[in-house]
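I opened the notebook to go through this structure piece by piece. These are my entries, in the order I looked things up.

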Amino acid sequence: MKQHDIGIDLGTTSIIIATEEQGVVFSQPSVGAVDTRTNSIIAVGDAALKMIGRAPSYIDIIRPLRDGIIQDHRMTNELIVRFVNEVCCSRILKPRVAVCVPVAITGIEADAVVESVLAAGARQVFLVDEPVAAALGAGLDIRAPRGCMVIDIGGGSTDIAVISMGGRVRAASVPVAGNAFDNCIAQYVQEKYSIAIGPRTAEELKKQVACCTASEFEGVMEIRGHSWETNLPARQLIYTRDLYEPVQELASRIVAAAHNVLESTPPELAADVAQSGILLTGGGSMLRGLASFLAGELHVDVTIAPDPLNCVARGTAASLSAGKYLTAGFRDATPKIWHSRLQSARDPFAN
Ligand SMILES: Nc1ncnc2c1ncn2[C@@H]1O[C@H](COP(=O)(O)OP(=O)(O)O)[C@@H](O)[C@H]1O
Ligand SMILES: [Mg+2]
């Protein structure tokens, strides 16, 4: 397979690679495992994810990205290099790569992303704002002089933006997303039943049982954990109604952030959003009842994008050909020195 233009969604939960022609071509958890005795990386992606909670003490399981920002450079480099090489087998024709980044990224953090992608063999690197990529991936016509609002709820953060004429007009990011819902569910079970559950059980509870809107769904799941009272393994049935309160409390923080963005949006664009509604993307948007909860609180229609998990990756790939009409939130981040190298490679007599 030869891929010369690819888009990378560098998510806290997964790294997803897409091309404009083929859609998603690669998806793996953004996780790696290090053997601390030798300081070597022994597994990445799915293989490392399977080790969580089951590895001996000398193995460190690392999630190197937090809210789309690199926390562990070596591991992020390793993941990007391995994953890009898996997609782009051709070592001669190097790919042009677009990477989506969170709206709150700083210059230094963006440089770190660019460095990692260049180390993976990219010919040129473009950075695109995550909400712009999300809107493109959902097929919105973001070129039009019309406001549209996108809320991308990932694992680590929720990115909110109002976009018009190919650029973002207002944006905000809150550290409340999928992982925060898992944590609040685990905390609830611990406080109510004195049972400690692992992150995987908490995530399963969120997907199977939790719901943000009362009376929209009623489910139950048996969880197994460690009882603090008996110090032994314990089981407990958890019902949807048990989880309304903690889940709604967190969802209210997303509502507050979206409210602030809407409040500061120029009136014409806010009127567009009121008419066309809000689009949700990202895996976190699949939390049951969340869309209707947001709609009820913000008094605006809220729709979940088709295929919300892969939407950003598809939009990131699409940004490479759409780049010419994106006014903001898309830029060629290839360092100048790299450009001049490219130039002299094309024209050996240029200097
Ligand atoms: N059916 C579902 N219901 C609720 N949450 C879900 C569902 N499927 C995935 N998620 C959550 O989506 C989050 C990952 O979303 P994703 O967009 O891939 O994140 P990121 O961009 O941070 O990599 C995780 O917290 C995961 O638990
Ligand atoms: Mg994401």
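**Entry 1: the ligand shell**

I began with the ligand and found that α5 (178-193) and α6 (199-208) each supply at least two residues of the shell around ligand 1. I noted that this is a predicted model. Which helix gives the most to that shell? I found α6, with 3 residues. I then listed what comes nearest: of the 18 residues around ligand 1, these are Gly11, Thr13, Gly154, Gly178 and Gly283. By class, I recorded 12 polar, 3 nonpolar and 3 charged residues in the shell.

**Entry 2: strand β11**

Next I looked up strand β11 (residues 148-153). Is β11 largely enclosed or open? I found 6 of its 6 residues buried, so the rest of the structure largely encloses β11. I checked the two sides of the strand. Cys148, Val150 and Asp152 point one way, while Met149, Ile151 and Ile153 point the other, and all are buried.

I followed the pairing on from there. β11 runs antiparallel to strand β12 (residues 158-164), and 6 bridges join them. The two form a hairpin with 4 residues between them. Ile151 has Ile160 as its bridge partner in β12. With β17, β11 pairs in the parallel sense over 4 bridges. There, Asp152 has Thr281 as its bridge partner.

**Entry 3: helix α9**

I turned to helix α9 (residues 290-298), where Leu290, Ala291, Phe293, Leu294 and Leu298 are buried. Viewed down the axis of α9, these buried residues fall within an arc of 165°, so they line one face of the helix. I asked what covers them. The cover includes α7 (240-264), β17 (278-281) and β18 (302-304). After α9 comes His299, and I noted its positive phi, near 55°.

**Entry 4: Ala257**

I picked Ala257, which sits in helix α7.

**Entry 5: the nonpolar core**

Last, I looked at the largest nonpolar core. Of its 102 residues, Val99 and Ala135 touch the most other members. Helix α10 (residues 311-322) gives the largest share, 7 residues. I listed the contacts of Val99, not counting residues up to four places away in sequence: Ile8, Leu10, Val113, Val117, Val125, Leu127 and Thr316.

Conventions
Residues numbered from 1 in each chain as written. Chains lettered and ligands numbered in written order. Predicted model: local features only at pLDDT ≥ 70, side-chain atom pairs only at ≥ 80, totals over all residues. Buried ≥ 20, exposed ≤ 12 C-beta atoms within 10 Å, placed from the backbone. Arc of directions from axis to C-beta. Contact = placed C-beta atoms within 7 Å. Near = placed C-beta within 6 Å. Nonpolar A, V, L, I, M, F, W, Y, C, P; charged D, E, K, R; others polar. Core = buried A, V, L, I, M, F, W, Y, C linked by C-beta atoms within 7 Å. Pairing = 2+ DSSP bridges.
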